[in-house]
Amino acid sequence: MAHSVSNLGIAMDRKLGVIGRQAAHCETHGEYLAVLIKAGGLSGCPVCAADKRDMEELERKRSQFRARQHELARIPKRFIDKTFDNFEASSLGQKVAYEAVAEYVDNFSKHRREGRCMLLLGRVGTGKTHLAAAATSFLINQCMVRAIYRTVGNVISDIKATFRDKSGDSEARIMRELIEADLLVLDEVGATKQSEFELATLFSIINGRYEQCRPMVIVSNLSPAELDDALGARCVDRIRENGCIGVAFEWESARGAHA
Ligand SMILES: Nc1ncnc2c1ncn2[C@@H]1O[C@H](COP(=O)(O)OP(=O)(O)O)[C@@H](O)[C@H]1O
Ligand SMILES: [Mg+2]
Ligand SMILES: [Zn+2]
């Protein structure tokens, strides 16, 4: 434990210009010995001062984490300001979707422990990416969770780019990043016809996360049956294990209204 300013010894007293001591009282920590300094003034509660330093240090670490994790998360610029607050939940469907995603982030530590995934499926322009981005930002900013956002297109093109550069381990590095994040939000699943390579890559990611019991949020414009077809039973079974939470976005597109 750090020494309080009240008991540093005579030599230190002299150096710091301490000329006396007097009993003082802190509302939170009770009695303490305050020091009187040559320059005038009385020292405050040493425990409060240490608490304040700890809080400042924690806040500094948190803001470092947020800045770093937002870089890694790669939420697209268009969605960086999307939040739960600016998601309009006027229809029943929107309310249900909002509540489900909000519950998932509010109880993320439980869902993470249980490896529970979330499926956001339905029509284009209904706010799936909005809520997925809001969830990613919320988990990074409020919960210090290492959440990342990728589209399937991002993942495939990142990996293909490593084939051109001959550095060797970068495909493994990308896979590690995708598998080790606390939460992977994978958007645009099944948006294009998948090649064998894409399916094998998706399986590696989904299975890698499944083995480590790490959750995913899968976002797609496909229906549940179409998603099963697009990903195949091996992937879908892993996503659906442990009571995966599914949300259907089946209302009119908001794209016109919110453009
Ligand atoms: N309920 C909503 N409240 C506020 N903005 C919305 C809502 N639904 C959609 N939007 C906005 O409409 C646009 C399209 O939504 P998006 O999330 O991209 O849809 P999807 O991913 O389902 O295709 C985005 O700018 C999004 O912020
Ligand atoms: Mg989208
Ligand atoms: Zn105190």
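A crossing of two helices is left-handed if the near helix is turned anticlockwise from the far one by less than a right angle, and right-handed if clockwise. By that rule, the crossing of H8 and H10 is left-handed.

## Model and numbering

This is a predicted model, in which local features need pLDDT of at least 70, side-chain atom pairs count only at pLDDT 80 or more, and totals for chains, interfaces and linings use all residues. Residues are numbered from 1 along each chain as its sequence is written, while chains are lettered from A and ligands numbered from 1 in the order in which they are written.

Helices (H or I, at least four residues) and strands (E, at least two) are DSSP runs, numbered from the N terminus.

## Two domains

The protein splits into domain 1 (18-73) and domain 2 (74-258). These bounds come from an automatic or database domain assignment. Taken over C-alpha atoms, the domain centres are 42 Å apart.

Seven residues of domain 1 contact 10 residues of domain 2. Two residues are in contact if their C-beta atoms, placed from the backbone, lie within 7 Å. On the domain 1 side, the touching residues are three nonpolar, two polar and two charged. Here Ala, Val, Leu, Ile, Met, Phe, Trp, Tyr, Cys and Pro count as nonpolar, Asp, Glu, Lys and Arg as charged, and the others, Gly among them, as polar.

## The hairpin

Strand S1 (residues 18-26) pairs with strand S2 (residues 30-37). The pairing is antiparallel and uses eight bridges. Two strands pair if DSSP finds at least two bridges between them. Three residues form the hairpin link from S1 to S2. Ala 23 stands opposite Leu 33 of S2.

## The five-stranded sheet

Five strands form an open sheet in the order S4-S5-S6-S3-S7. Their pairing is parallel. Strand S4 (147-151) and strand S7 (245-249) are the edges; each has a single partner strand, so one side of each lacks a neighbour in the sheet. From one strand to the next, the twist averages 15°.

Strand S3 (residues 118-122) and strand S6 (residues 216-220) run parallel and are joined by four bridges. Leu 120 has Val 219 in S6 as its bridge partner. Helix H3 (residues 92-106) lies across S3 and S7, at about 150° to S7. Axes are lines fitted to C-alpha atoms, for helices over the stretch in contact, and angles run from 0 to 180 degrees between N-to-C directions.

## Helices packed on H8

Helix H8 (residues 196-211) packs with helix H7 (residues 170-180) at about 50°, with the axes 9 Å apart. H7 and H8 are therefore oblique to each other. Angles under 35 degrees count as roughly parallel, over 145 as roughly antiparallel, 65 to 115 as roughly perpendicular and the rest as oblique. The crossing of H7 and H8 is right-handed. Met 175, Leu 178 and Ile 179 of H7 meet Ser 204, Ile 205, Gly 208 and Arg 209 of H8. That contact has four nonpolar, two polar and one charged residue.

Helix H6 (residues 152-164) packs with H8 at about 105°, axes 11 Å apart. H6 and H8 are therefore roughly perpendicular. H6 supplies Val 152, Val 155, Ile 156 and Ile 159, and H8 supplies Glu 198, Thr 201 and Leu 202. Five of these residues are nonpolar, one is polar and one is charged.

## The H8 and H10 contact

H8 and helix H10 (residues 233-240) pack at about 30°, with axes 10 Å apart. The two helices, H8 and H10, are therefore roughly parallel. From H8 come Leu 202, Phe 203, Ile 206, Asn 207 and Tyr 210; from H10 come Arg 234, Cys 235, Arg 238 and Ile 239. By class, this contact of H8 with H10 holds six nonpolar, one polar and two charged residues.
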